[in-house]
Amino acid sequence: MIMRINAFLYRFLLVLLLMAGLMQAMPAEARRKKMPAATLAPRLQAYYDKLDACRPSKALRHAPLIGISTASRSGSLTTPGYCGISIIKAGGIPVPLAATDDPALIEAVVSRLDGLLMTGGEDVAPSYYGHEPHSQLGEVNDRRDDFELALFHKALERGIPIFGVCRGMQLINVAMGGTLVQDIPSEKPSDIRHRPGNLSVCAHDIDLEPDSRSARVLGVKHAEVNSSHHQCVLDVAPGLKVTAWSPDGIPEMLEGYPDLRIMATQYHPEVMVAEKDDPTMLRYFRFFVEECRK
Ligand code: MN
C-alpha cells in the first residue's frame, strides 16, 4: 500500500516538474493573462498598446535592485524621489523601502537587494553615539533611526554596497561607531552657509583627497556642490575615511574602499543628476550601480 502511494506521489511529482518545464519553455505571451473583454477609452487602449510593445533589454532585466530608505517624517521626500531618478539614470532599479521594526522582515528585505542607499532627512539621535542632545539639535525620528541602523547592519553583513546622502552619510558614520557635530553654526561657525535653503544652486566648493576612490570615481579633484545640512561628521568611524572637504573644513564625502564598499556624500548629488544631468555626479551613481551588479 505504502509502495503504491509512493509510486503515485512519484508520478505526480514527475508530471508537476514536466508542467513547470513546459511553462518555462512557453513564450511569455502564451502565459500572459488576458484582460476581460471591455471597450476601453482610446487613450487607455493606446497606452496599453504602447506598454505591450515594450520589452526590457537584457541589461535592464539584470539591473541591480537598490533599496532606498524613505522613512522621513518631515516631508522632505524629494531626496528619496531624486535618488530613485538618479539610480534609474545610472541603470539600476530603485526600490523604496517602508520602515518596519521587525528584524526578520528587514533581513528578508536586505537579502533580496543588490545595494542600499541611505537618504537625507532628520538628525540622528545623539544617544546612538553616546552624546547628550545639543540645544540646536533638530527633529529626530527614532523609528527611522532604528530601521536604517538595522538596514545598514544587515547590508554590511551581506557585503552589498552601501551608499549614503546627507543624513545617510552621518548615519553610516554613527552606525560604524563614529560621532557627529550636532549643529555646525553654533559648534563650528564659518562664513559658508551649509543650509542656504536651495538645493538647485551651488553652495560651496569641495576638495577631494587625490588618492581616494571618491576622486577617481568622480574624475575630479575639485567640485562645486549644493548643501542642505546643519550637522556633519565629527569623529570618523574606524574603517571609514573622509575623502572630500569644504573650504571651512567640513567633511563632505566618506568612503570605506577598498575593504568596504561604502561611499557617501554630505551634499546632494541626486539633485544635481535628477535636475541637471550633472556628468560628474552621474559617474558617482553609475559607479554605485556597477558595484551593485558585482
Ligand atoms: Mn556642505
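A residue counts as buried when its relative accessible area is under 20%. Keep that cut-off in mind as you tour this predicted model.

**Stop 1**

Start by selecting Phe 163. Its relative accessible area is 0%, so Phe 163 is buried.

How many aromatic pairs does a search of the whole structure find? The search finds 5. For one of them, look at the rings of Phe 163 and Phe 288: the centres are 4.1 Å apart and the planes meet at 20°, so this pair is stacked.

**Stop 2: Tyr 257 and Phe 287**

Next, select Tyr 257 together with Phe 287. Their rings make a tilted aromatic pair, with 5.6 Å from centre to centre and 55° between the planes. This pair also links distant parts of the chain, 30 residues apart. You will find Tyr 257 in the loop between strand 10 (251–255) and strand 11 (262–265), and Phe 287 in helix 12.

Are these two buried or exposed? Tyr 257 has a relative accessibility of 4%, so it counts as buried. Phe 287 has a relative accessible area of 16%, and therefore is buried too.

**Stop 3: the cluster**

Finally, select Phe 163, Tyr 257, Tyr 284, Phe 285, Phe 287 and Phe 288 together. These residues form one aromatic cluster.

Terms used. Residues numbered from 1 in each chain as written. Predicted model: local features only at pLDDT ≥ 70, side-chain atom pairs only at ≥ 80, totals over all residues. Heavy atoms only, no water. Phe/Tyr/Trp six-rings, centres within 6.5 Å; stacked < 30°, edge-to-face > 60°. Buried < 20%, exposed > 50% of the residue type's maximum accessible area, 1.4 Å probe, protein only. Helix = DSSP H or I, 4+ residues; strand = E, 2+ residues; numbered from the N terminus.
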